[in-house]
Amino acid sequence: MKPMSSSARRTRVSPYLLTLCFVIFVSLLYWEDLSCIFRQPFKDVQRPERHRKPIPLKEKENVVLPFAVGRTDEGCDVFAGSWVPDEVSRPFYQERECPYIQPQLTCEEHGRPDKGYQKWRWQPHGCSLPRFNATFMWEMLRGKRMMFVGDSLNRGQFVSLVCLLHRVIPENMKSMETYESLTVFRAENFNATIEFYWAPFLVESNSDNAVIHRVTDRIVRAGSIKKHARHWKGVDILVFNTYLWWMTGMKMKILRGSFQDEIKDIIQMETEDAYRMALKSMIKWVEKNMDPHKTRVFFTTMSPSHEKSKEWGGAAGGNCYNQTTPLEDPTYWGSSASKGIMRVISEEIRKMKVPITVINITQLSHYRKDAHTSIYKKQWSPLTPEQLANPVSYADCVHWCLPGLQDTWNDLLYARLFYP
């Protein structure tokens with residue numbers, strides 16, 4: 001056989017060289033795209049779980065939120081409804097059966113003659129709330145921490161929930177202890193806690209002492225969420241509120257710097273702007289520290305007071321004292337101050353990158369002028385003869401008797417936690 005010439009060898013090899021060159025050229029031209037394609041799967045596998053940024057749940061459709069076991073009927077607004085008398089299923093518990101109620105909320109013990117305020121049930125329009133089940137809730141809380149953070153109204157809701165839940169825990173397996181600003185109810189058999197942390201402004205303030213905080217010249221420190229928030233880390237369910245302490249009737253004093261500074265830099269700010277500042281600080285902390293795939297965050301809206309009966313068409317000079325029935329006017333909305341705060345809540349929560357569930361107790365509580373502690377509570381100081389002669393002058397139209405209205409707040413919390 002005649003040997004192949006060198007020119008023939010070059011002709012046969014050249015297609016392979018051309019193919020190789022083409023592959024190299026394309027690879028170089030699209031290297032960045034190709035590297036992304038081949039690198040991406042390994043990048044996700046090798047990256048530690050703790051460094052992955054969770055996808056906000058609200059960006060997904062039909063997602064199952066943590067702790068949810070079902071859904072509220074489509075179109076059912078559990079916060080829109082009316083109060084109906086219920087002599088059968090209300091109250092959920094008797095005052096004497098719950099040893100955890102503070103004396104500021106034990107209305108029967110302090111002489112309230114009527115019990116009608118305990119026997120009203122909230123009925124949403126066109127649907128119903130799920131039945132509260134204490135054993136089921138403890139099972140869902142097994143190994144978990146649930147915490148209420150805020151003022152005395154949030155503490156009332158915390159105590160209400162403890163009263164709703166403690167009866168299914170054996171006496172030797174439950175305890176309630178207070179550590180400065182933190183109160184902890186512990187259920188040993190479920191390795192679970194329900195807690196309350198005193199922070200009336202959420203941010204740092206001169207009212208942070210859980211016992212000595214009755215100051216009139218209130219000052220909040222701008223952007224100072226960390227002092228309190230270090231106690232919230234690791235909590236599985238957080239329930240925030242803040243409203244009452246902002247309502248001074250004057251501009252809020254904002255501290256720029258530290259309370260330890262010898263010369264304090266204080267400015268004044270409109271209440272709604274100061275409130276927005278605190279809410280933004282809370283939201284920023286939640287976005288950074290709460291995993292939306294494992295934890296739930298709630299915000300309870302403002303709890304109304306009934307200081308002036310003329311606001312609902314009552315006699316001038318009256319208030320919640322001697323009120324024994326709810327308001328029936330479905331359009332009643334109380335004072336205009338609450339509308340501004342509600343607007344701030346709505347605007348800021350809507351911007352959230354992770355979901356915060358709003359428990360809107362405001363409108364339904366506006367109807368309940370009959371449910372306040374009024375004069376039937378432990379008084380902070382002895383009453384004067386003039387006060388005793390005029391009960392309206394010292395009636396507490398801010399806080400609520402237990403059992404009572406705040407049990408319904410927890411009914412709604414239960415619904416939004418397990419049936420969002």
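Which hand does the disulfide of Cys 76 and Cys 127 have, right or left? The torsion about its S-S bond is about 65°, so the disulfide is right-handed. This is a predicted model, where local features need pLDDT of at least 70, side-chain atom pairs count only at pLDDT 80 or more, and totals for chains, interfaces and linings use all residues. Residues are numbered from 1 along each chain as its sequence is written, and side-chain values use heavy atoms, with hydrogens and water left out.

Start with the sulfurs. A disulfide here is a pair of cysteine sulfur atoms within 2.5 Å. The whole structure holds four disulfides. In Cys 76 and Cys 127 the sulfur atoms are 2.0 Å apart. Cys 76 lies in the loop between helix H2 (31-46) and strand E1 (81-85), and Cys 127 in the loop between strand E2 (120-124) and H3, so the pair ties together parts 51 residues apart in sequence. Helices (H or I, at least four residues) and strands (E, at least two) are DSSP runs, numbered from the N terminus. Cys 76 is buried at 16% relative accessible area. Buried means under 20%, exposed over 50%, and partly exposed in between (1.4 Å probe, protein chains only).

Cys 98 and Cys 163 are joined with S to S at 2.0 Å. Their link is left-handed, with -80° about the S-S bond. It connects the loop between E1 and E2 with helix H4 (residues 152-165), 65 residues apart. A further disulfide joins Cys 320 to Cys 397, S to S 2.1 Å. Its torsion is about -85°, so this disulfide is left-handed. Cys 320 sits in the loop between E11 and helix H7 (337-350), and Cys 397 in strand E14 (residues 396-400), 77 residues apart. In sequence order, the bonded cysteines of the protein chain pair as 1-4, 2-5, 3-8, 6-7.

Now the sheets. Two strands pair if DSSP finds at least two bridges between them. An open sheet of seven strands runs in the order E4-E5-E6-E3-E8-E11-E12, with mixed pairing. Strand E4 (174-179) and strand E12 (357-359) each have a single partner strand, so one side of each is left without a neighbour in the sheet. E8 and strand E11 (residues 296-300) run parallel, joined by four bridges. H3 lies across strand E3 (145-150), strand E5 (182-187), E6 and E8, at about 85° to E6. Such angles run from 0 to 180 degrees between N-to-C directions, with axes as lines fitted to C-alpha atoms, for helices over the stretch in contact.

Another open sheet has three strands, in the order E7-E9-E10, also with mixed pairing. Three bridges join E7 to strand E9 (residues 252-256), and these two run parallel. Helix H6 (residues 271-289) packs on this sheet and touches E7, E9 and E10. Contact means heavy atoms within 4.5 Å.

The rings come last. Rings of Phe, Tyr and Trp (its six-membered ring) pair if their centres lie within 6.5 Å; planes under 30 degrees apart count as stacked, over 60 as edge-to-face and the rest as tilted. The whole structure contains 20 aromatic pairs. Phe 136 and Phe 418 are edge-to-face, 5.0 Å centre to centre with 70° between the planes. Phe 136 lies in helix H3 (residues 134-141) and Phe 418 in helix H10 (residues 405-418), so the pair ties together parts 282 residues apart in sequence. Phe 136 is partly exposed at 23%, while Phe 418 is buried at 0%. Ring pairs link both into a cluster with Phe 92, Phe 132 and Tyr 414.
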